[in-house]
Amino acid sequence: MTIFALPFPDISPEIFTLELGSFSFALRWYALAYIVGLVIAWRIVVDLMKRPLLWGDRGAPMTKEQPEDLLTWAILGVVLGGRLGYVLFYQPSYFLSNPVDILKVWEGGMSFHGGFLGVVAAGLAYCWKYKLPTLQVGDAVAVSAPAGLMLGRLANFINAELWGRPTDVPWAFAFPGQAAQNCPNVEGICTRHPSQLYEAGLEGLVLGLLMLWLAYRRGWLMRSGAMIGVFLAGYGIARGFVEFFRQPDALFVSEGNPLGLAWHMGGYGLTMGQILSIPMILLGLALIARAKRA
């Protein structure tokens, strides 16, 4: 597509591999991103609980010890929700015919929207069990979430997965693999948008810095639900925008639908990522409006 293309960095998806007899264990960048992201989120929540003045007259919603318990619940929520979300949102017919494959998470296939719903369910259950203020706990979790999103998208880039649409922009990458180089109407090397990096920058870095600024400098933690709203709306807008550059899911692509739109009419429509982001944006804006009125 283009004479100049950024070479894809030669980084192995596996950080290291341990082999003990017939047993082999590999630590992958994606798994490390999950682990480090959750640890960073935990530390941010702990720090927020140590600063009662940020929460106004009501004080911090949890003790300094409770975020560690909540982390365990969140891990279960993000793994189970992420996998079930992928199964239900993207390939329900396949997994209905092959239910055993639902358990094969090591083969890939996680949905952010499903993982998000899993964390929400886990958080609600945790707050109900320990009688904690749901919106305030949710605000703390929301502030901590973008760091994990950024690391996850960087891991997607290292793994050379979820790449963008073909393009000839100067910062395009020639991703390895037959699938990445299978570009109709393109002769020679096919270069693509590094959409993983777009998402890491918008969903992770930009959204994360905005939320930290609002929480620590602008007093938004005093408005219950406001930070949840900022996260939902911010992520939904960022994801919806990047979908214009991201390669669509193969199961939606057809000869009459080359853009992979999950819903379309007359040549216009929305990808599955955009469809799932719309409710997040609407709910986020509603929570922000509610918090400002309170």
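**View 1. Gly37 in helix α1 of the predicted model.** Gly37 lies in helix α1, a helix that covers residues 29-49, and the structure shown here and in the following views is a predicted model. The relative accessibility of Gly37 is 7%, so this residue counts as buried, given that buried means under 20% relative accessible area. When residues up to four places away in sequence are not counted, Gly37 touches Gly148 and Leu151. Gly256, by comparison, is 219 residues from Gly37 in sequence, and the C-alpha atoms of Gly37 and Gly256 are 40 Å apart in space.

**View 2. The packing of helix α1 with helix α2.** Two packed helices are described by the angle between their axes together with the distance between those axes. For α1 and helix α2, the latter made up of residues 66-89, the angle is about 145° and the axes are 10 Å apart. The crossing of these two helices, α1 and α2, is right-handed. On the α1 side, the residues that take part are Tyr34, Leu38, Trp42, Val45, Val46 and Met49, and they meet Pro67, Glu68, Leu71, Ile75 and Val78 on the α2 side. Sorted by kind, the residues of this contact between α1 and α2 comprise ten nonpolar, no polar and one charged.

View 3. Asn156 belongs to helix α5, which takes in residues 134-158. With a relative accessibility of 2%, Asn156 counts as buried, because the value falls under 20%. If its neighbours within four places in sequence are left aside, the residues in contact with Asn156 are Tyr30, Glu161, Leu162 and Gln196. With one of these residues, Glu161, there is also a polar contact, which joins the side chain of Asn156 to the side chain of Glu161 at 2.8 Å.

**View 4. The disulfide between Cys183 and Cys190.** The structure contains one disulfide, and the two residues that form it are Cys183 and Cys190, whose sulfur atoms are 1.9 Å apart. The torsion about the S-S bond of Cys183 and Cys190 is about -80°, and the disulfide is therefore left-handed. Cys183 and Cys190 are both buried.

**View 5. The cysteine at position 127.** Cys127 has a relative accessible area of 4%, and because buried means under 20% relative accessible area, Cys127 is buried.

Note on methods
Residues numbered from 1 in each chain as written. Predicted model: local features only at pLDDT ≥ 70, side-chain atom pairs only at ≥ 80, totals over all residues. Heavy atoms only, no water. Helix = DSSP H or I, 4+ residues; strand = E, 2+ residues; numbered from the N terminus. Buried < 20%, exposed > 50% of the residue type's maximum accessible area, 1.4 Å probe, protein only. Contact = heavy atoms within 4.5 Å. Polar contact = N/O pair within 3.5 Å; in protein donor to acceptor, adjacent residues only side chain to side chain. Disulfide = S-S within 2.5 Å. Axes fitted to C-alpha atoms, helices over the stretch in contact; angles between N-to-C directions. Left-handed = near helix turned anticlockwise from the far one by under 90°. Nonpolar A, V, L, I, M, F, W, Y, C, P; charged D, E, K, R; others polar.
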